[in-house]
Amino acid sequence: MRFAFTEQQLELRGAVRQVLASECTPADLRALHERPPEPAAGPALGRADPGRTSARWAVLAELGAPGLLAPEAHGGLGLDEVDLTGVLEEAGRVALPEPLGESAGLVVPALAGLLELPGAGADAGADPGKVARWLGAVAHGEAVATVGGVEVGRAGPVLTTAPLDPDAQLPDAVPCRTPRVVASDRADVALLVAPGAGGGLEVHLVEAAAARRLPTPSIDGPRRPGEWEWVPSPETRLASGGAAAVLVGSLVDRGALVAASQLLGLADRMIAMAAAYAVDRKQFGRPIGSFQAVKHLLADARVRLEFARPATYRAAESIARGRPGRAAHAAMAKALASDAADLAARVALQVHGAIGYTWECDLHLFMKHTWALSASWGDAVTQRARVLAEALAGRSG
Amino acid sequence: MAMNVVVCVKQIPDPAAPSSLDPGTKTLNRSGKLILDDSDSYGVEMALQLAGNVEGSEVTLVSMAPGGEVSGLRTALAMGAARAILVSDDSLAGSDALSTAKVLAAAIRRAEPDLVIAATESTDGYTGTLPVQVAELLGLPSVTFAKSVATDGRNLKVERQTEAGYDEVECPLPAVVTVTAGVVEPRYPSFKGIMAAKSKPVETLTVSDLGLDASQVGWAGARQEITDVSEAEARSAGEVVVDEGDGAERIVAFLEQVKVV
């Protein structure tokens, strides 16, 4: 199989890189780190825009990034996951705090997939008109979308949404709590996974206005994680039963790809920062990068990154083509990308020496985003177990 | 009235990459990939805004570059220009500003413009003479240093930047206008624009296609020659004043000496 990016894919990536270089600076990230979490309420209009987060989303929307995977009939570009992975790598390079991965890479394909199902939403009776409306809004970047309620465990998806009252009878009209919803305070809508009847799963589309949202303290503050309290109902339900299981399976694979893509960009950025510092910083009359103890560290980090790249691109291709090995490929990509980014963070910190530990040095802005993403959608150990499970099940091809 | 707005764009070596002079010809090395001159992105944006105001209007790019280079043009096409004319010919190497103006004027004439927009100067050459030369060759009025441009399709209203503020200038179309950097916010090319740029027409012309003689352009036609290149003199260190309670007085004395106060 020939695998190289097309000229157009490289141009899209280049365009995002150029835009984000000026629209998402370390100063913006710093402003978001320093902004205290605020209770989510009210429209963003007229509010101050610390770290230019709203302005940046508007630029990304203008570019067409949120709708990259959406069908053209719904205002999107009709491109695929291979196109998206390069764009998200660039998002990682600047530690983009907005939920582009969640909106463009998870919610858009989930909604578009529901509309394509024969007898759309028949399993749950989701209103195709409502799904299409939200798909259009998210694809145009008018609505910011996020995802919650599911994480990745060794044995498969792990549900994190739980009823507030553990003894309550599921499924409907029982208030639930979903922890660690990213972009909690800036999302307009969330795709939330919840427990269904008889131990099954359900997927709901929940408007932010209908949820009580509480910020969660996080090392990666700009990512704005929070807890959503909400009430599942037939109106919010998108899918249940078999359709929900398929949707959640797809979310888990796509979540791994979205995180892996961004981790590649983060690793690249941190290695570049460390390499630049190693050239600039002199000790014993020479740049520290000339010492083997330093240059080998950087070379090892680079090698780890370059091995993670093709695995991530293959996962993108497998998901785009719906290949049977996509779950194994996504898991492998996430395992390798997490390891590569974690190593890049550690090496960059060591190469920077004491200055790397300071608030004033930009490195921490990228390390913290790396740690958060590396642990999300299944960390390296979990994803390795998934690779094994998929291989034993004969689905790794 | 629908307008055809022509924008002169230069494709230059990436200013972020280290540049070099060819030791033989003492001219800028342009063998690598060329990109859209940043200062031209303001002209493109201005043209797109003017064309966007009048239905049916289009923006045409005109450029001269070696090796059939189109990557800078693609960027401007992705921003929204409709088509491009590229003049690329080995005999153009070594062209001075006037020869370049002759070539561009001939190319612009083919596009039958209602308005020609250029940057005040390029980021790699800085001669700043080309736009007015083009205007003269085309026999069109020239308005330089525009900070805002408005048109009804027949006449042009320009606020022309001056040291003291700005002049209001009006002239009939067609005309040549140069816009200063920073007067508009150039748009980012969108994904849709990038995808569409692939299928937009780029007409590539040679010197003879334009009816010019190779002896009029390039090294053969240049009236300027770079005879020598030398390092700029290093800045002197300046004077360090240690404040011994009389710092303010000494600053005032210095400013008086250079006639600032």
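**Cavities, a strand residue and chain B**

The largest cavity holds about 70 Å³ of space. Rolling a probe the size of a water molecule over the atoms shows where empty space is left. A cavity here is a set of points, on a 1 Å grid over the protein atoms alone, where a 1.4 Å probe fits but cannot get out. Points are joined across faces, edges and corners, and a volume is the space filled by probe spheres set on the points. Three cavities of 30 Å³ or more are found in the whole structure.

The model is predicted: local features need pLDDT of at least 70, side-chain atom pairs count only at pLDDT 80 or more, and totals for chains, interfaces and linings use all residues. Residues are numbered from 1 along each chain as its sequence is written, chains are lettered from A and ligands numbered from 1 in the order in which they are written, and side-chain values use heavy atoms, with hydrogens and water left out.

Residues lining the largest cavity (an atom within 4 Å of a point) include Leu96(A), Pro97(A), Arg223(A) and His369(A). Six lining residues are nonpolar, three are polar and three are charged. In this scheme, Ala, Val, Leu, Ile, Met, Phe, Trp, Tyr, Cys and Pro are nonpolar, Asp, Glu, Lys and Arg are charged, and the others, Gly among them, are polar. Helix 5 (100-116) and helix 10 (363-375) of chain A each supply at least two lining residues. The largest share, three residues, comes from helix 5 of chain A. Helices (H or I, at least four residues) and strands (E, at least two) are DSSP runs, numbered from the N terminus. The cavity lies between domain 1 (7-121) and domain 3 (245-392) of chain A, because both give residues to its lining. The domain bounds come from an automatic or database domain assignment.

Leu159(A) lies in strand 3 (residues 156-159) of chain A. Its relative accessibility is 30%, so Leu159(A) counts as partly exposed. That class sits between buried (under 20% relative accessible area) and exposed (over 50%), with a 1.4 Å probe and protein chains only. Leaving out residues up to four places away in sequence, Leu159(A) touches Gly149(A), Val193(A), Ala194(A), Pro195(A) and Leu201(A). Contact means heavy atoms within 4.5 Å. The C-alpha atoms of Leu159(A) and Arg281(A) are separated by 48 Å.

Chain B has seven helices and eleven strands. Of its 261 residues, 41% are buried. Its C-alpha atoms fill a box of roughly 70 × 45 × 40 Å along the principal axes.

Technical notes. On a 1 Å grid over the protein atoms alone, a cavity is a set of points where a 1.4 Å probe fits but cannot get out, and a pocket is an open set with protein on both sides within 12 Å along at least five of seven lines; lining residues have an atom within 4 Å of a point.
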